[in-house]
Amino acid sequence: MLQRIGAGLIASSIAALLVKIVGMQAATLDLDKVETVQPLPWQETSLFTLPKPDPSAEATINQYLQDLKKQGSLADNQGIWIQSGLNVMAEHQGKVPLPAASLTKIATTLVTLSQWKPDHKFETQVGATGAIRDGVLEGDLVIRGSGDPLFVWEEAIALGNSLNQLGIRRVNGNLVIAGNFHMNYEENQMRSGELLKTGLNAKTWSRSIITHHGRMSPGTPKPELVISGQIKTVKTPPDDIRILLRHQSLPLMEILREMNIYSNNGMAQILADAVGGAEVVAKEAAKLANVPQGEIQLINGSGLGTENKISPRAATAMLIALEKILIPHNLGVIDIFPLAGRDKNGTIYARNLPEGTAMKTGTLRQVSALAGVMPTRDRDRVWFAIINGGNNVWEFRQQQDQLLDKLTQKWGNQPSLNPKSSQSRSQLGDPKRNKVIAN
């Protein structure tokens, strides 16, 4: 009988340990809920010993906190979590939710990728309610969106050129915006319609739009599509719509990379709304990361506002969960976040991070946050989250970089780039993503 109970406990312990390995979450086994028995000798081996902190990492973190204290930064406003595999090597207030600024976008990214695959493309349908005669559409031009967060000037220009190629130079009806359509990250559909109308007609372009056109492939035409009617927004398109074009967005992976490299708040909010809003993002992110719900508290999908709070442990756990989702697609977090040594612009600009470090920054008036993963020689990949609160935002950024550099000096830097991460980005406004359905 005792052997059967012991065997059951062994199996339970191994199962629990394997679950934690897969999720890469350090945790303790709750033995209060099982019958107490004398452990078998081999149960006391190192397999059942919980990982211990790293003394060198702890010493470095303690010195970092002491330096912040000398500069007047309160310890209660700082949070740190350093982890490699099962090992939580050092932490300070690691389970305490703190204002995390744009680390919120990690949650948005995670939940988005749990709903759609990395190669998902958002489709925008373009239709008409009338016939096309002598270059004139005798009816409405209808745009039906599906939540593309990166429909910008270049996409509008390419769409206008495709409509011109279909023989449409003028619309005698209205521009009707239906469904979930956003232009230039605008949440307001009426405003998105106004921007699209401008982008379709080069004669109404501002200098800024001309600049965007200049970044497109050499020889890209300038569309001339005049819409004589008004802009109207509806929940569903008219029944008599005839689909002319199907416009596909860039792959979701590239959209997320763009969002995270430049920490684009508009894109993040559009994606968060598409999966159900901030409350759903917080709930699902906590579930996917296997952390308590209270460690992820969100009011939006972008991170604007100190009410968005995430614990350092949760930030790290979400990144690990993202890696788990991406691995089957031969991708990793380095493919959707800024990478030191590859990316030069956006939030990584002027940062001095160890080469090969993929990271997400977060900045508000009194918040500076940094979370990511850095490759090391002695500790494999080290996942980290550093959240600083106080008035020294720009100094916090420098000190975060210095902290990671000190840890890298101890463990060695060993970057290994995924070949996919070095691919050039797709061309915005590529006409090949406009598929003609009807003439």
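This is a predicted model: local features need pLDDT of at least 70, side-chain atom pairs count only at pLDDT 80 or more; totals for chains, interfaces and linings use all residues.
**The five-stranded sheet**

Let's start with the open sheet of five strands, whose order is β2-β1-β17-β16-β15 and whose pairing is antiparallel. Going from one strand to the next, the twist averages 5°.

| Strand pair | Sense | Bridges | Residues standing opposite |
|---|---|---|---|
| β16 (367-375) and β17 (381-389) | antiparallel | nine bridges | Leu370 and Ile386 |
| β1 and β17 | antiparallel | six bridges | Trp81 and Ala385 |
| β1 and β2 | antiparallel | five bridges | Gln83 and Val88 |

Helix α10 (residues 312-326) packs on this sheet, where it touches β1 (78-84), β16 and β17. Compare directions, and α10 makes about 145° with β17.

How many of the residues of β1 are buried? The count is seven of the seven, so β1 is largely enclosed by the rest of the structure. Gln78, Ile80, Ile82 and Ser84 point one way from the strand, while Gly79, Trp81 and Gln83 point the other way. Both sets are buried, so to speak of Trp81 or of Gln83 here is to speak of a buried residue. At the turn, β1 and β2 make a hairpin with two residues between them. Gly85 lies in that turn and has a positive phi of about 60°.

**The four-stranded sheet**

There is also an open sheet of four strands, in the order β5-β6-β8-β10, and its pairing is mixed. The edge strands in this case are β5 (131-133) and β10 (226-227), each pairing on one side only. Inside the sheet, β6 (residues 136-138) and β8 (residues 170-171) run parallel and are joined by two bridges. Val136 has Arg170 in β8 as its bridge partner.

**Helices α3 and α9**

Two packed helices are described by the angle between their axes and the distance between the axes. For helix α3 (residues 104-115) and helix α9 (residues 278-289), the axes come within 9 Å and cross at roughly 80°. The two helices are therefore roughly perpendicular to each other. On the α3 side, the contact is made by Ala107, Thr108, Leu110, Val111 and Ser114. The α9 side brings in Val281, Glu284, Ala285 and Leu288. Sorted by class, that gives six nonpolar residues, two polar ones and one charged one.

**His182 in its loop**

Where is His182 placed? You'll find His182 in the loop between β9 (175-180) and α5 (189-199). Is His182 buried or exposed? With a relative accessible area of 9%, His182 is buried, because the cut-off for that label is under 20%.

The side chain of His182 has two polar neighbors to point out. One is the side chain of Asn180, in a polar contact at 2.5 Å. The other is the backbone oxygen of Glu186, which the His182 side chain reaches at 2.7 Å. Leaving aside residues up to four places away in sequence, His182 touches Asp148, Phe151, Glu187, Ser192 and Ile270.

How values were computed
Residues are numbered from 1 along each chain as its sequence is written. Side-chain values use heavy atoms; hydrogens and water are left out. Two strands pair if DSSP finds at least two bridges between them. Axes are lines fitted to C-alpha atoms, for helices over the stretch in contact, and angles run from 0 to 180 degrees between N-to-C directions. Angles under 35 degrees count as roughly parallel, over 145 as roughly antiparallel, 65 to 115 as roughly perpendicular and the rest as oblique. Contact means heavy atoms within 4.5 Å. Ala, Val, Leu, Ile, Met, Phe, Trp, Tyr, Cys and Pro count as nonpolar, Asp, Glu, Lys and Arg as charged, and the others, Gly among them, as polar. Buried means under 20% relative accessible area, exposed over 50%, partly exposed in between (1.4 Å probe, protein chains only). A polar contact is a pair of N or O atoms within 3.5 Å; within protein, one must be able to donate a hydrogen and the other to accept it, and residues adjacent in sequence count only if both atoms are side-chain atoms.
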